[in-house]
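Hi,

Here is the model I promised to pass on. Have a look first, and my notes follow below.

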Amino acid sequence: MVEWKPRIVAFLCRWCAGSAAELAGISRLSYPAEIIPIILPCSGRVSPRLIIEAFLNGADGVLIGGCHTPNDCHYISGNFKAFKRVYLLKKLLSQLGMNPMRLRIEWISATEAQKLVRVVEEFLNEVENLGPLGGIFHEKA
Amino acid sequence: MRVGVFICHCGRNIADTVDIKKVIEDILKQPHVVCAIDYVYLCAEPGQQIIVDSIRKEKLDAIVVAACTPTLHYETFARAIERGGLNRYMLEMVSIRELVSWVHKDRVEATDKAIRIIRGAIAKVLDNKAYEPIKSRVVKKCLVIGGGIAGITVALDVANAGIPVVLIEKSPTIGGKMAMLSETFPTLDCAQCILTPKMAEVYKHPLIEVHTLSEVVDVSGHLGNFRVKILKRPRKVKIELCRLCGLCERVCPVRVPREFDRGLSERKAIYLPFPQAIPTAYVVDENNCTRCRLCLKVCPTGAIDLDEKSIVVEEEVGAIVIATGYDLYPAERLREYGYGLYKDVVDSLQFERMLSSTGPTEGTIIRPSDKREVKRITFIQCAGSRDEAHLKYCSKICCMYTAKHALLFKERVPDGEVTIFYIDIRAAGKGYEEFIKRVQEEYMINYVRGKASKVYQDVDGDMVVIGFDTLTGERIEVRSDLVVLAVGIIPQMSRELASKLRVPLDEYGFVQEIHPKLRPVELSIPGIFVCGTAHAPKDISESVMQASATAAKVVNLLSKGEITKEPIIAEVDENICSGCRVCVTTCPYGAIEIIDDKAKVNEMLCEGCGICEASCPVDAIKLRNWKEEQLMNVVRAVLGGR
Amino acid sequence: MKRPKLAIVYGAICGGCDVALVNLGEKLTTILEKYDIVYWPAVVDFRRDELKRISEVDIGIYMGALVSSEDIELAKLLRSRSKILVAYGTCTIYGGIPGLSALLGAKRVLEEVRFTLTTSLEEVELPKLAKLPELLESATSILKVVEPNIFAPGCPPSDSVNEALLEVLSDYARGIKPKGRIFLGEPTPLCNKCTRKPTDTSKISMSKIRRLHELKLIEDKCFLEQGVLCMGPVTRAACDLPCIKNNLPCVGCNGPALDIDDMGLEMLSALSSLLLVEEERELLEEGLVKEMDRLVDLIGILYRYTLPSSLLIKLKLGDHRGE
């Protein structure tokens with residue numbers, strides 16, 4: 001019996017959170033490997049459809065990393081759009097009976113490698129406690 | 001589609017942790033992958049050559065490079081595949097070093113993750129398309145709005161680089177606030193002496209066209225191709241015919257406060273703004289002119305034309321510079337200080353006029369009320385600034401100019417008494433701290449740390465300032481002949497003009513730069529720049545610095561006559577688009593318009609963020625090479641197969 | 001020449017689709033004269049067993065949501081007997097309003113039904129009077145069971161869709177067979193045809209969220225600009241916009257436009273992007289949340305008619321794990 005390990009997809013924006021992930025590498029920080037990064041131009045590029053696709057394909061958690069509000073976004077306001085989408089999607093998911101903690105959005109600037117590592121470890125821990133995303137009828141909110 | 005995957009060992013950086021052989025084994029099984037090759041240092045010449053040769057040998061259509069971060073070597077590999085005959089956008093590069101081998105220790109886990117990331121890159125590159133950079137012609141002309149020191153500096157720098165400039169100024173003369181000053185800190189240069197040669201240079205410059213009494217009334221277009229409508233109000237005096245004889249002024253019956261002296265003196269309805277005004281010609285104040293036509297009778301050259309009308313001129317420019325400057329906060333709002341109530345309470349610019357040898361009092365400091373000589377003077381700093389009820393911010397220049405005022409006063413009235421009420425002294429510039437020290441010590445100015453709470457005029461005509469000295473802890477009362485308020489500065493840019501230009505303003509009305517450190521003169525609207533006090537409170541030296549910085553950006557933009565841009569932008573499938581306007585609303589750059597009921601992307605303005613694609617309810621607008629289908633395939637590929 | 005056979009079969013219906021057809025009046029009767037109606041519980045008195053005995057039907061129309069095992073059986077039966085199968089109404093194609101029960105699941109739905117206040121609390125088990133069909137975990141789209149030939153979306157289908165259907169029937173009766181898969185009604189979203197779209201095509205200024213009773217709706221202004229949620233951007237324009245013309249926002253009863261596979265997620269994204277765009281920097285996350293919290297029932301707004309055929313429900317049903 002293969003021991004279950006949580007699988008998380010992280011959509012990271014190239015300018016901030018993605019750069020932080022690179023810096024974590026350059027600084028030889030260590031974090032669990034269960035998180036798969038997908039680097040995009042902007043956190044504002046992440047659509048709710050894409051997030052659901054991640055869950056449908058086996059992700060137990062989805063993390064979105066963007067630039068700090070209000071002024072850091074390289075494309076001015078992509079982070080605000082991402083924030084609103086994630087907020088409403090979380091509402092939708094909890095109405096559905098899924099634990100909204102499986103979807104997380106964080107602002108991580110290019111220098112905050114430590115924060116990235118902390119967030120990844122924290123998030124993985126939480127998702128592990130929630131268990132695999134199966135049929136979610138019985139998921140506690 | 002034939003995909004070639006190239007994996008770098010990066011010496012031992014990747015190879016020590018990631019099992020490259022296993023990766024190759026897995027990747028070769030992926031559909032469309034024709035070859036998967038590893039090499040010790042892909043970025044080195046031999047490594048690049050392998051890629052180039054493989055493209056030819058295996059007839060590859062697309063390339064995936066798994067190595068260090070694209071931030072380091074994307075350009076290297078993009079050029080390599082171009083040498084191989086492929087378009088650079090058929091390359092996907094992913095980091096399996098910074099994002100995998102450098103952060104994970106377990107070999108099995110790291111290898112699995114590397115495989116997943118590479119599978120994702122393959123999934124994306126399959127739908128990538130080749131694109132050529134976007135080129136656009138730009139109009140080699142720059143519009144500068146505002147003829148103060150900042151506007152003048154930009155105009156000169158840009159014109160000296162060979163680019164024509166149109167400088168527009170809403171008042172009848174260029175020169176701005178600096179022309180009103182007597183001396184400038186900390187060197188005490190005569191303001192007019194350093195300014196007027198520049199004003200003359202601007203006016204004479206073959207590549208600069210100066211339009212006074214002019215304002216921008218409409219702007220359309222975008223970076224490189226702006227169409228601007230300028231309203232030119234009538235001067236009613238022909239510049240080339242005016243000899244400055246002043247006969248018209250003598251006969252004019254109308255008297256109104258003179259703006260240049262901020263009301264401390266009067267002028268006629270036909271007037272010369274100040275002796276060194278440029279253009280050097282009289283101007284008719286059409287609001288106050290009674291049309292008595294006496295001036296027409298005396299003008300020896302027939303320069304006056306009272307029937308001249310406003311005209312609207314259109315200009316096509318490639319860049320616009322905002323240098324609209326500042327004004328003083330309406331000091332009447334500082335009720336406790338009595339400005340406007342008492343004649344002997346003046347603001348800092350009025351005091352400058354008093355100090356000026358060509359001012360209303362020819363440099364003598366006298367009370368506006370009874371013309372008595374001023375022996376005792378009180379300055380109140382932070383009048384309106386750093387105040388929750390008025391201006392929250394610091395106006396930056398007041399500490400320095402108040403010290404200057406105190407020094408200049410003491411030089412004229414050596415036995416005079418000077419008191420300055422202050423909260424802090426901000427003197428951060430070069431030589432500024434030394435200047436303040438000098439003023440305090442050499443000139444024996446009484447600096448009182450505390451806010452003045454009230455100013456009133458006593459029965460004997462003395463101005464009384466009541467305040468609190470925080471260093472002694474005592475309430476104090478200072479009697480003086482004149483009170484000068486260092487009033488806070490506010491931007492002159494109107495919200496109306498800002499919205500026409502689509503220029504963002506901060507909460508105080510100052511023009512908002514896109515980033516204070518990375519791009520301090522650029523705005524979120526490409527092609528429009530800002531410098532001087534329109535941007536934030538600053539002194540002359542900083543305004544000039546920022547103006548030169550702006551000029552460099554303008555020249556960079558316009559000098560080649562065309563601009564090139566990355567083609568990774570959004571495009572609309574018109575068959576699907578319903579004209580719902582969601583993308584128009586959400587684009588941070590205003591790069592999308594609805595034309596004929598369909599969304600259209602302005603190539604020059606789109607920055608390639610993809611917010612539009614994620615927002616579109618029907619997925620009609622797509623970001624090239626970052627389409628939803630592609631990203632979905634990436635997600636499926638990285639998660640597939642536990 | 002023998003008249004072609006027509007059968008209209010029900011899943012979980014409300015009766016609205018019948019009314020929609022019957023409202024066509026003479027247009028309907030003219031066509032129906034050309035057909036031999038072999039099954040239509042509302043109109044002709046035939047039993048289910050008789051339907052089973054019929055070997056072939058020309059046009060089979062399935063109306064209603066598939067919520068029980070019996071509905072699925074019927075759909076399969078109809079498909080096997082019909083030359084042309086019409087999936088009529090949003091319930092059939094997308095799950096419709098009954099589809100919202102997917103939020104609760106079969107067990108809880110039955111509990112809700114059993115333990116209402118009017119029922120005696122002693123009744124814990126249903127008396128075993130008859131063998132009742134099994135209630136599905138979630139209503140399902142007919143597409144998951146059989147492959148229809150013609151789709152008539154709408155709750156109920158609009159006049160224009162109905163008239164298009166009648167044309168198909170009329171053609172069939174004259175010997176012209178419909179080819180391939182036909183989706184009646186214009187595929188483009190409502191915004192394409194909406195008269196409230198401003199001609200100056202400026203941005204949509206959605207500076208607040210308002211429920212219908214909280215404001216006086218302006219007649220010719222885009223609903224989104226008034227802060228009212230309108231599903232127009234994602235809904236198929238398979239009608240003449242009667243709701244919009246009567247000063248009510250679109251609720252999405254025609255189902256998704258074009259190839260959208262999840263109406264709710266697309267509208268969610270469009271909505272998030274529009275809401276308070278000019279005020280983002282001023283309000284920051286806190287202020288934005290305050291306004292977004294005014295949306296109380298997101299599933300009811302975004303998935304009112306399409307929950308069973310959405311991607312979202314797959315998460316709940318565990319479809320993605322092959323369960």
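Let me start with a contact between chains: Asp293(C) and Lys91(A) form a salt bridge, with 3.3 Å between the closest N and O atoms. The term stands for a side-chain nitrogen of Lys or Arg within 4 Å of a carboxyl oxygen of Asp or Glu. Asp293(C) sits in the loop between helix H10 (280–292) and helix H11 (298–302) of chain C, and Lys91(A) is in helix H3 of chain A, so the pair joins two chains. Helices (H or I, at least four residues) and strands (E, at least two) are DSSP runs, numbered from the N terminus. Asp293(C) is partly exposed at 34% relative accessibility, and Lys91(A) is partly exposed at 22%. Here buried is under 20% relative accessible area, exposed is over 50%, and partly exposed is in between (1.4 Å probe, protein chains only).

Some housekeeping: this is a predicted model, where local features need pLDDT of at least 70 and side-chain atom pairs count only at pLDDT 80 or more, while totals for chains, interfaces and linings use all residues. Residues are numbered from 1 along each chain as its sequence is written, chains are lettered from A and ligands numbered from 1 in the order in which they are written, and side-chain values use heavy atoms, with hydrogens and water left out.

Now chains A and B. Their contact (heavy atoms within 4.5 Å) takes 45 residues from chain A and 38 residues from chain B. Together they bury about 3,600 Å², 61% of it on carbon and sulfur atoms; buried area is the accessible area (1.4 Å probe) that two parts lose on being put together, summed over both. On the chain A side, Glu22(A), Arg45(A) and Tyr75(A) lose the most area to chain B, together 18% of what that side buries.

There are five salt bridges between chain A and chain B. One pairs Lys5(A) with Glu109(B), closest N and O atoms 3.0 Å apart. Another salt bridge links Glu613(B) to Arg45(A) at 3.5 Å between the closest N and O atoms. Glu613(B) lies in helix H16 (residues 611–615) of chain B and Arg45(A) in the loop between E2 and H2 of chain A, so this pair joins two chains. Glu613(B) is buried at 2% relative accessibility, and Arg45(A) is buried at 0%.

Within chain B, Arg438(B) and Glu442(B) form a salt bridge, closest N and O atoms 3.9 Å apart. They are four residues apart in helix H12 (residues 432–442) of chain B, so about one helical turn separates them. Arg438(B) is partly exposed at 31%, whereas Glu442(B) is exposed at 55%. Over all chains, the salt bridge count comes to 74.

What about chain C? It is divided into domain 1 (5–183) and domain 2 (190–317), with bounds that come from an automatic or database domain assignment. The domain centres, taken over C-alpha atoms, are 29 Å apart. The two domains of chain C bury about 1,600 Å² between them, 65% of it on carbon and sulfur atoms. Tyr94(C), Leu100(C) and Leu103(C) supply 33% of the area that domain 1 buries against domain 2, more than any other three residues.

Last one: Gly95(C) is in the loop between H5 and helix H6 (106–114) of chain C. Gly95(C) is buried, at 0% relative accessibility.

Cheers
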